[in-house]
Amino acid sequence: MWYFLARTITKNWIVLLDRYPNSVLTFVDPNDFNVIGQLSVATGFASNPHDFLWLEENKAYVTRYEKNPTSGTQPYDGGDDILIVDPIAREITGRIDLSSYADTDSNPDLQSRPARMAYADGVVWTTLDHLNSTFEEAGEGRIVGIDTATDSVMEMIRLENVTNCTGIEYVAKKNSLYVSCCGLFVSGIESQREHSAIIRIDLNGDEPELSVLHSADDDRGRPFGFDTDTVDDRWLLATRFGDLEQDIPDVLVAIDLGNG
C-alpha cells in the first residue's frame, strides 16, 4: 500500500491516500490521530488516487490516475478523471472526465493521468502527466483549469518541450502557477533532463503567459521531481532526482521566484 498525505482547505483533517491497489481515502483527526472514517474511490478498479483537495464543507476533488478498461458496470467507474466526493458523508457525488484531454490523435495509448491540484480564485488547476499505459511514452505537458462552480473544464494549457508534469503550486502574490516537469524516465538521462523544468504560468494577462523559471539542463544536470511547495511567496521548494548507480543523492532545492 502506498500512502500519501493530501492537502485540505476547508477542514483541519489529515487525509491519507492509499494509492494502489486499494484506492482508499483515510480521514484522520490531527488532535488525537484517530481514524474518522474511510472512503473507497476504486469504483470497481485500482483507480490510483493522486491528490485530494477540499473545496467546501461537503465537497472535495480527488484525481484518479488510472483508466478503467472495463468501465460501465457501476457509477463513476471511468477513471482518468477527477472524482467529486462529500468528505463528511464519505460519498461519491460526481465525476469530471478528463480522458479527452490526452492527445490520442498522435498516440492512441496516451492517457491524461491527472495528478496534482492547486486552487486559484474559483479554479482548480490540475496537472496531467500525459503518459501511456506502460509509462514508456509521453505527450507534451498539459494542465487543465476546472471551474469549481460548474465542475467543468474551462481551459487547457499546453506546456511544450516538457513532459511528465506533476507538481503544481499557486502563488497568489504573483498570480502565477509553478509546475514541475520530470521528463520521461525511460528516455535516458540526457533526454529526460532536456524535457524537465520548472515552468511558470503567469495568469495576470488575458491569456496565460508561459516561461521557464529553471531548467534541469544546468550544471547540476538532474531532472526535477514530482513534489513542490512554497515558502513566504518567495521560495519554490522542489526535489531533484539522484542516481543510485552513480551514487548521486536526491536533493531539495529552493528556487527564488523572483530571478530563478
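1. Asp81 counts as buried because its relative accessibility is 0%, where buried means under 20% relative accessible area, exposed means over 50%, and partly exposed lies in between, computed with a 1.4 Å probe on protein chains only. The model is a predicted one, in which local features need pLDDT of at least 70 and side-chain atom pairs count only at pLDDT 80 or more, while totals for chains, interfaces and linings use all residues. Residues are numbered from 1 along each chain as its sequence is written, and side-chain values use heavy atoms, with hydrogens and water left out.

2. The partner of Asp81 in a salt bridge is Arg64, with the closest N and O atoms 2.9 Å apart; a salt bridge is here a side-chain nitrogen of Lys or Arg within 4 Å of a carboxyl oxygen of Asp or Glu. Arg64 lies in strand β6 and Asp81 in strand β7 (residues 79–86), so this pair ties together parts that are 17 residues apart in sequence. Strands (E, at least two residues) and helices (H or I, at least four) are DSSP runs, numbered from the N terminus.

3. How many salt bridges does the rule give? The count comes to 13.

4. Because Lys59 lies in strand β6 (residues 59–67) and Asp151 in the loop between β11 (140–147) and β12, the pair ties together parts that are 92 residues apart in sequence. Lys59 counts as buried at 11% relative accessibility, whereas Asp151, at 24%, counts as partly exposed.

5. A further salt bridge joins Arg200 and Asp202, whose closest N and O atoms are 3.7 Å apart. Arg200 is partly exposed, with a relative accessibility of 21%, while Asp202 is buried, with a relative accessible area of 18%.

6. Val153 is placed in strand β12 (residues 152–163) and counts as partly exposed, at 23% relative accessibility. Between Val153 and Asp97 the C-alpha to C-alpha distance is 9.2 Å, although the two are 56 residues apart in sequence. Leaving aside residues up to four places away in sequence, Val153 touches Ile96, Leu98, Tyr101, Val144, Gly145 and Ile146, a contact being heavy atoms within 4.5 Å.
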